[in-house]
Amino acid sequence: MNEKKIGNSKVFSFFDWVWRLMVLNLLTIVFSLGVITIMPAICAAFKSIKDTKENYNSKIIMPYIKNFIYLFRDTFAFSIILVALVGVAGYAFLWYDGVIGAVAGSPEKMDQQWQIIAMIAIVIVTLGIFIVSIAMMQVPMVINYFYYGYIDNIKLSFYMAFKYFMTTVIETIVVVVSIVLLVNALFIYHLIPMWLFFGISVPLYVMHAVSRRFYTYVSGQTEDDGEEIDYQNKKRKSTFF
């Protein structure tokens, strides 16, 4: 069997992707440590997967770093939005939960109507978190298939999330499994390596696999002529700069 046949074999391709996803996962974790770099790191990993699937490159580290630098300006604000959203939603949830607890523990201290209001508020907050979260999951795809400013990217994220809702459901399940794995890894230490090596990159790989056809269609690209980045000359339109 010659080298070309080996390189094209399914077994070789499988282990090549295992190695590639491991490296991308570690790179994403390291580059996410700056907090505002979370979304740039995730989007860079997605683009690395997309480019590899479309045969733009076979290397891992340098293309990832180039993708991170290229995408940083157009994605770091999403990290700020994400952190702010988590903080505000978390505070609101805890506050309303505290109201319910206070009413349940001491009915004479507070009108029972407040308990009903608090319960409704928790439902609204939870629903809001869910809606924004499924839109945020579209950001890596939107950023890598379209060239719009922040506001238009946000609008398009919501549009794609609900336009292809069944695909969004699959993406949500994959992301939830990753989050559950991370939470359990904090208590079951032998799960830590699994998340460190595959907790981010595998969900991104699945998200690319299930959404590629729809994003290719909406963006007007074809399966074979996706646009390769010219890092020296290509510029993105940004409404922030």
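**Notes on the helices and their packing**

1. Pro-63 is placed in helix 4, where helices (H or I, at least four residues) and strands (E, at least two) are DSSP runs, numbered from the N terminus. With a relative accessibility of 12%, Pro-63 counts as buried, the term buried meaning under 20% relative accessible area, exposed over 50%, and partly exposed in between (1.4 Å probe, protein chains only). Between the C-alpha atoms of Pro-63 and Lys-47, which are 16 residues apart in sequence, the distance is 9.2 Å.

2. On the basis of these values: this is a predicted model, in which local features need pLDDT of at least 70 and side-chain atom pairs count only at pLDDT 80 or more, while totals for chains, interfaces and linings use all residues. Residues are numbered from 1 along each chain as its sequence is written, and side-chain values use heavy atoms, with hydrogens and water left out.

3. As to the chain as a whole, it has ten helices and zero strands, and its pattern along the sequence reads α-α-α-α-α-α-α-α-α-α. Of its 241 residues, 40% count as buried. Among the contacts in the chain with a separation of 6 or more, 77% are between residues 24 or more positions apart, a contact being heavy atoms within 4.5 Å.

4. Helix 4 covers residues 61-105 and also holds Ser-79, which counts as buried because its relative accessibility is 1%. Leaving out residues up to four places away in sequence, Ser-79 touches Val-35, Ile-36, Thr-37, Ile-38, Met-39 and Pro-40.

5. One of those partners, Val-35, deserves a look of its own. Val-35 sits in the loop between helix 2 (10-31) and helix 3, and its phi is near 70°, a positive value in a residue other than glycine. Its relative accessibility of 41% means that Val-35 counts as partly exposed.

6. Helix 2 has 22 residues and at 1.5 Å a residue should span 32 Å, with which the 31 Å between its end C-alpha atoms agrees; the expected span is 1.5 Å times one less than the number of residues. The buried residues in helix 2 are Trp-17, Arg-20, Leu-21, Val-23, Leu-24, Asn-25, Leu-27 and Thr-28.

7. How do helix 2 and helix 3 pack? Their angle is about 160° and their axes are 8 Å apart, the axes being lines fitted to C-alpha atoms, for helices over the stretch in contact, with angles from 0 to 180 degrees between N-to-C directions. Helix 2 is therefore roughly antiparallel to helix 3, given that angles under 35 degrees count as roughly parallel, over 145 as roughly antiparallel, 65 to 115 as roughly perpendicular and the rest as oblique. The contact involves Trp-17, Arg-20, Leu-21, Leu-24, Thr-28 and Phe-31 of helix 2, together with Ala-41, Ile-42, Ala-45, Ser-48, Ile-49, Thr-52 and Lys-53 of helix 3.

8. Helix 3 (residues 38-53) also packs with helix 10 (residues 201-219), at an angle of about 55° and with the axes 10 Å apart, and these two helices are therefore oblique to each other. On the helix 3 side the contact is made by Ile-42, Ala-45, Phe-46, Ile-49, Lys-50 and Lys-53, and on the helix 10 side by Ser-201, Leu-204, Tyr-205, His-208 and Arg-212.

9. His-208 of helix 10 has a relative accessibility of 2%, so this residue counts as buried. Apart from residues up to four places away in sequence, His-208 touches Phe-46, Ile-49, Lys-50, Lys-53 and Tyr-145.

10. In helix 7 (residues 150-163), the 14 residues should span 20 Å at 1.5 Å a residue, and the end C-alpha atoms, 20 Å apart, agree with this. Its buried residues are Tyr-150, Asn-153, Leu-156, Ser-157, Met-160 and Ala-161. Seen down the axis of helix 7, they fall within an arc of 135°, so they line one face of the helix, the arc being that of the directions from the helix axis to the C-beta atoms.

11. Leu-156, a residue of helix 7, counts as buried because its relative accessibility is 13%. Neighbours within four places in sequence aside, Leu-156 is in contact with Val-142, Phe-146 and Tyr-148. The C-alpha atoms of Leu-156 and Ile-143 are separated by 9.8 Å, the two residues being 13 residues apart along the chain.
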